[in-house]
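Colleague: I would like to learn how to read aromatic contacts in a model. Please take me through one.

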Amino acid sequence: MIGPFAGVLAHSWAGIAAKYELDIPTARREFREAFEIGTRVGSRSHAARLAGALLGELLYEAGELDDAARMLEMSYGLGPEGGGVDYLAARYVASAKVKAAQGDLSAAAERLDADMKTAENLQLPRLAAAINNERIRLGIGIAPSVAARLRSVRAIPRDDGIATIIAELDEESAVRLLLASGSADEQEQAWRRATQLLAGMDPRRRPLAALRAELLLAESCSHTGRSADPTIPAVARCREVGLPRLLVDAGLG
């Protein structure tokens with residue numbers, strides 16, 4: 001089993017790296033190769049389910065919902081076993097996205113509730129941040145204490161990759177909470193924070209993160225009546241690289 005798992009992990013991490021660089025064709029090819037290696041062990045083997053999470057997440061973002069649902073359902077049965085946070089976030093958050101896209105918001109909420117328990121039990125703050133972020137995007141309630149923590153002003157650390165990602169997820173959550181408040185003042189604050197979040201990123205070093213931040217700013221512009229012209233390149237970029245579902249999830253598709 002070491003041989004197949006080594007191949008699955010090698011291709012999976014190559015795909016993750018390519019995706020962060022917005023090299024989506026390479027990411028798709030690497031995730032597909034990882035999945036095919038896993039299926040050689042068994043069509044529903046641990047290795048296949050592990051690789052299927054990452055492939056399923058990418059298929060969802062590419063707008064291929066039926067194939068994504070099939071992959072993610074198979075992977076979801078694996079539970080918290082195996083893989084790091086990238087695998088778990090794909091398995092849990094993307095599967096909830098698919099449920100919501102299929103019109104079953106209650107199933108999405110149930111999954112995110114169960115998945116948050118896993119994040120808390122395993123003490124995985126990055127997974128917890130991703131789950132909170134998706135709950136807020138879907139309009140699923142969160143505890144008032146959690147909402148208050150997320151809405152508070154934070155500094156984004158730039159010297160610790162994981163801490164940076166967690167803080168950026170929390171800041172995105174804060175922006176969406178403020179946008180949903182119905183208060184013009186808080187929506188203005190959301191726009192300012194979205195602007196600052198994007199300004200703190202280097203799109204050459206982190207193109208996927210910057211693209212997501214640009215889409216968040218476009219959402220903020222829409223809520224505050226501002227022109228979204230500065231974010232038009234991000235919309236075009238999503239279509240160019242083959243990630244149209246990012247637009248739908250941001251309310252722009």
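Modeller: What follows goes through the ring contacts of this predicted model.

Colleague: How many aromatic pairs does the structure hold?

Modeller: There are two aromatic pairs. Trp13 and Tyr87 form one of them, with 6.1 Å centre to centre and 85° between the planes, an edge-to-face arrangement. Trp13 lies in helix 1 (residues 2-20) and Tyr87 in helix 5 (residues 85-101), so the pair links parts of the chain 74 residues apart.

Colleague: Is Trp13 buried or exposed, or in between?

Modeller: Buried means under 20% relative accessible area, and exposed means over 50%. Trp13 has 43% relative accessibility, so Trp13 counts as partly exposed. Tyr87 is at 1% and therefore counts as buried.

Colleague: Why is the pair of Tyr76 and Tyr92 classed as edge-to-face?

Modeller: Planes over 60 degrees apart count as edge-to-face. The planes of Tyr76 and Tyr92 are at 70°, with the ring centres 5.6 Å apart, so the pair is edge-to-face. This pair joins Tyr76 in helix 4 (residues 65-76) to Tyr92 in helix 5, 16 residues apart. Tyr76 counts as buried because its relative accessibility is 19%. Tyr92 is also buried, with a relative accessible area of 2%.

Colleague: Which charged end sits over the ring of Tyr76?

Modeller: That of Arg111, which is 3.9 Å from the ring centre. Tyr76 therefore has both an aromatic partner, Tyr92, and a charge over its ring.

Colleague: What sits over the ring of Trp191?

Modeller: The charged end of Arg226 does, 3.7 Å from the centre of that ring.

Definitions and conventions:
Residues are numbered from 1 along each chain as its sequence is written. This is a predicted model: local features need pLDDT of at least 70, side-chain atom pairs count only at pLDDT 80 or more; totals for chains, interfaces and linings use all residues. Side-chain values use heavy atoms; hydrogens and water are left out. Rings of Phe, Tyr and Trp (its six-membered ring) pair if their centres lie within 6.5 Å; planes under 30 degrees apart count as stacked, over 60 as edge-to-face and the rest as tilted. Helices (H or I, at least four residues) and strands (E, at least two) are DSSP runs, numbered from the N terminus. Buried means under 20% relative accessible area, exposed over 50%, partly exposed in between (1.4 Å probe, protein chains only). A charge sits over a ring if NZ of Lys or CZ of Arg is within 6 Å of the ring centre and within 35 degrees of the ring normal.
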